[in-house]
Amino acid sequence: MLRPWKLELEIDKKLEKAVYLQIADTIISDIRSGRLKTGDALPGSRNLAQTLKINRNTVVEAYQVLINEEWVISRERKGIFVSERLPALHEKNAEALHNPSHQQVMSNGIVINFDDGHPDSKIAPVTELARAYRQIFGIKAKWQMMGYGNEHGDTEFRKMISQMLNHQRGMHIHENEISITRGSQMGMFLTAQTLLNPGDMVIVEDPGYQPAWQAFEYAGAKLLSVPVDQEGIHMETVEKLLKQHQNIKALYITPHRQYPTTVTLSLARRLQLIELSNQYNITIIEDDYDNEFHFGYRPILPISSFPELNNYVYIGTLSKVVAPALRIGYLATKNQELLKRIGDLRKIIDVHGDVIMEQAVLQLIKEGAIKKHIRKATVHYKNKRDFVFELLTKYMKDIADFTLPEGGLAFWIVPKTRMDWDAVTKLLLEKNIKIIHPKQYSKSQANGFRLSYGALSEEQLEQSIPVIAEIISGF
C-alpha cells in the first residue's frame, strides 16, 4: 500500500505538551490544510516511530487520540485512514467575539465530542499490554499459528474470567460456561442469532442501547419498549406485556447503570424480574457494560448472580478496563445448548479468536497490572466525575435535572423544558461541541442526553459545559 504522505514534525521534548499530542495536532493541522485528504493512509505506528526515533507506544497514543476525536478511522488489517466524515470545522463568528469566555471552544477547530462513555485512552496501560503481547507472541506464536484454538477462546483466559465473575460479582459460573468474543457487541449479536427466531419478541428499556436493539431486529425479532424511571425498568409494564404476548423470548436490560440514564435497578424490581423470568420462561440478557468503575462502597451484583434465576446470558467487556481499541468481551450462560450454538456460529464468522491477545491480557491480570490500573483509573474518574458535577451544579442546576452517579463515565441530563433536539445539536456543532442526539437512545426521543466525561480533559469540560447550558437555557 502506498503511503505518500510524510509527517513534517520536529519533536520538542522540552515542551509542556506531551509528544503524542504534538504528533496528533500536527496530523490534524495537515488534515485541515488539505495536505492529508479523506481516505489517505497514515504510516503504520512502527514505521512512524522509527522515522521520529520515538517509542512506538507514543505513536499508538497519538493515533488513539485521532480516532477518539474522529479525525481518522482504523480498519482491521488495513491500517489508519483519514475519516470520510471529518469533525465540523467552523470559523470564528461574530457571537464569539462578543463572548470571549466561550471563544476558544468555537475557534480552535477541534470538536469536543461527548461520546457514549469511552474511557480515557491516555491512562490506559498500553505499555504493559504491548510488552505482554510481544512476550506471548514470541513464546507461543509458532505453535498457535499451526492450528485453530477453541471457538470459545483460550481455556486459561476463560478460567480467569470465571474466577473474576465468581469472586467479584457473586456469580457461580464455570469456564466451560463462558465464550470470549471480540467485544460485547459481538456477544450481543451471537446471542441474538442463536436465541431468537423471526417473530419472537424482546422486551427492551426505553431509552436504551440501540446497537443491541439492532442485533435483535437483525435476527427477526420485534421489540417491545418499556419506560425507565428512577428505579429502573417499569415492572408493571413488563408484567402486562408478558400477560399479553405468548412469544416473548427475552428481556434485554442494563441493570447496574442503565444505559443511557445511569439509574440502578432497585432490589425489589430485580427480584420481581427474576420471578417473572422464571414464570414465563424468558431469558434475561444482562449487559453489564461498565461494572469496574464504581465509586461507592460496593458495586451492585448482577441479576445473573442470583441462583434463583433459571435463564440468562450475561455479557461483559474488557475494552473499558484496558483500552477502547482492545476488542475483548465475553458472555456467560448456564444454557449449554445455547452455548453450543454460539460456538458453532462463532466458528463460521470468526474461526480463531485473538488467542495471543487473550494470553497477553491474562498475563497482565496475573501480574496484578489490571487490578492496579483499575484502582488508578477509578480514582481518576471519580475526581473527574466530581469536577463535572461542580460544573453542572454551577451552570445547569436551574435549567436541568441530574444526579451524581455512583460509577460509570457519564451523567444523564434532563432539561426542565422540552427541547428541540435537532436545533440543540445543530447549535452545539456550530460551537464545535458534539453530543449524541436523544433519538439514538429512544424511539419516542427522550428529553435528555448523556454527558460522558471519561475521554475528555478537564479543560475541554470546563470550556464546553457552560456553552451547553447557555444553549439549553435559550429554549
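Both Phe216 and Tyr252 are buried, where buried means under 20% relative accessible area, exposed over 50% and partly exposed in between, with a 1.4 Å probe and protein chains only. The model is predicted, so local features need pLDDT of at least 70 and side-chain atom pairs count only at pLDDT 80 or more, while totals for chains, interfaces and linings use all residues. Residues are numbered from 1 along each chain as its sequence is written, and side-chain values use heavy atoms, leaving out hydrogens and water.

A search of the whole structure finds 11 aromatic pairs. Rings of Phe, Tyr and Trp (its six-membered ring) pair if their centres lie within 6.5 Å; planes under 30 degrees apart count as stacked, over 60 as edge-to-face and the rest as tilted. The ring centres of Phe216 and Tyr252 are 5.5 Å apart and the planes meet at 65 degrees, so this pair is edge-to-face. Another edge-to-face pair joins Phe389 and Phe402, with 6.0 Å from centre to centre and 80 degrees between the planes. Here Phe389 counts as partly exposed because its relative accessibility is 27%, whereas Phe402 is buried at 17%. Tyr209, Tyr259, Tyr289, Trp412 and Tyr441 form one aromatic cluster.

Next come the nonpolar cores, each a set of buried Ala, Val, Leu, Ile, Met, Phe, Trp, Tyr and Cys residues joined through side-chain atoms within 4.5 Å. The largest has 46 residues, of which Ile161, Leu165, Ile203 and Val238 touch the most other members. A second, separate core of 34 residues includes Phe387, Leu391, Phe449 and Val467.
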